[in-house]
Amino acid sequence: MRKASYTDRRLTVEEQDIAEKYIGVLERFVRIKHFTPQEEWIEKFSVAYIQAIKKYTDYERLHCYKIEAIIFKSLEGAA
């Protein structure tokens, strides 16, 4: 399986802004799934969260979906 182009690069400034804006989605995911302690699980899912943001910005075809949906599905895949 080929590795996606966005996996090894740093966040752009735009992506950093998006990550700050939507961090609540990650926190809500951990809370909904009843993962405790929450801080530990947020840390474990942070890579999947960042990758979801990079995927969303790289693939314009995903823009027909809400970014929250892309993040949540990516986190579910990582769970």
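Throughout these legends, a residue counts as buried under 20% relative accessible area, as exposed over 50%, and as partly exposed in between, with a 1.4 Å probe and protein chains only. The views show a predicted model, in which local features need pLDDT of at least 70 and side-chain atom pairs count only at pLDDT 80 or more, whereas totals for chains, interfaces and linings use all residues. Residues are numbered from 1 along each chain as its sequence is written, and side-chain values use heavy atoms, with hydrogens and water left out.

**View 1. The loop between helix 3 and helix 4, at His 63.** With a relative accessibility of 39%, His 63 falls in the partly exposed class. Not counting residues up to four places away in sequence, His 63 touches Tyr 56 and Thr 57, a contact being heavy atoms within 4.5 Å. The C-alpha atom of His 63 is separated by 17 Å from that of Ile 50, 13 residues apart along the chain.

**View 2. The whole protein chain, with four helices and zero strands.** Helices (H or I, at least four residues) and strands (E, at least two) are DSSP runs, numbered from the N terminus, and along the sequence they give the pattern α-α-α-α. The radius of gyration is 12 Å, close to the 12 Å that the globule rule gives for 79 residues, so the protein chain is as compact as a globular protein of that length; this radius is taken over C-alpha atoms, and the rule is 2.2 Å times the number of residues to the power 0.38. Along the principal axes, the C-alpha atoms fill a box of roughly 35 × 25 × 20 Å. Of the 79 residues, 30% count as buried, and residues 24 or more positions apart account for 63% of the contacts with a separation of 6 or more.

View 3. Buried in helix 4 are Ile 67, Ile 70, Ile 71, Ser 74 and Leu 75. Because they cover an arc of only 130° around the axis, they lie on the same side of helix 4, the arc being that of the directions from the helix axis to the C-beta atoms. These buried residues pack against helix 1 (13-21), helix 2 (23-32) and helix 3 (38-58), while on the other side of helix 4 Lys 73 and Gly 77 are exposed.

**View 4. The largest nonpolar core, with 19 residues.** Such a core is a set of buried Ala, Val, Leu, Ile, Met, Phe, Trp, Tyr and Cys residues joined through side-chain atoms within 4.5 Å. Tyr 22, Phe 45, Tyr 49, Ile 71 and Leu 75 touch the most other members. Helix 1, helix 2, helix 3 and helix 4 each give two or more residues to this core, and its largest share, six residues, comes from helix 3. Not counting residues up to four places away in sequence, Ile 71 touches Tyr 22, Val 25, Tyr 49, Ala 52 and Ile 53.

**View 5. Glu 15 in helix 1.** Glu 15 is buried, with a relative accessible area of 2%. Residues that Glu 15 touches, not counting those up to four places away in sequence, are Arg 9, Arg 10, Ile 53, Lys 54, Thr 57 and Asp 58. The side chain of Glu 15 makes a polar contact with the side chain of Thr 57 at 2.4 Å.

How values were computed: A polar contact is a pair of N or O atoms within 3.5 Å; within protein, one must be able to donate a hydrogen and the other to accept it, and residues adjacent in sequence count only if both atoms are side-chain atoms.
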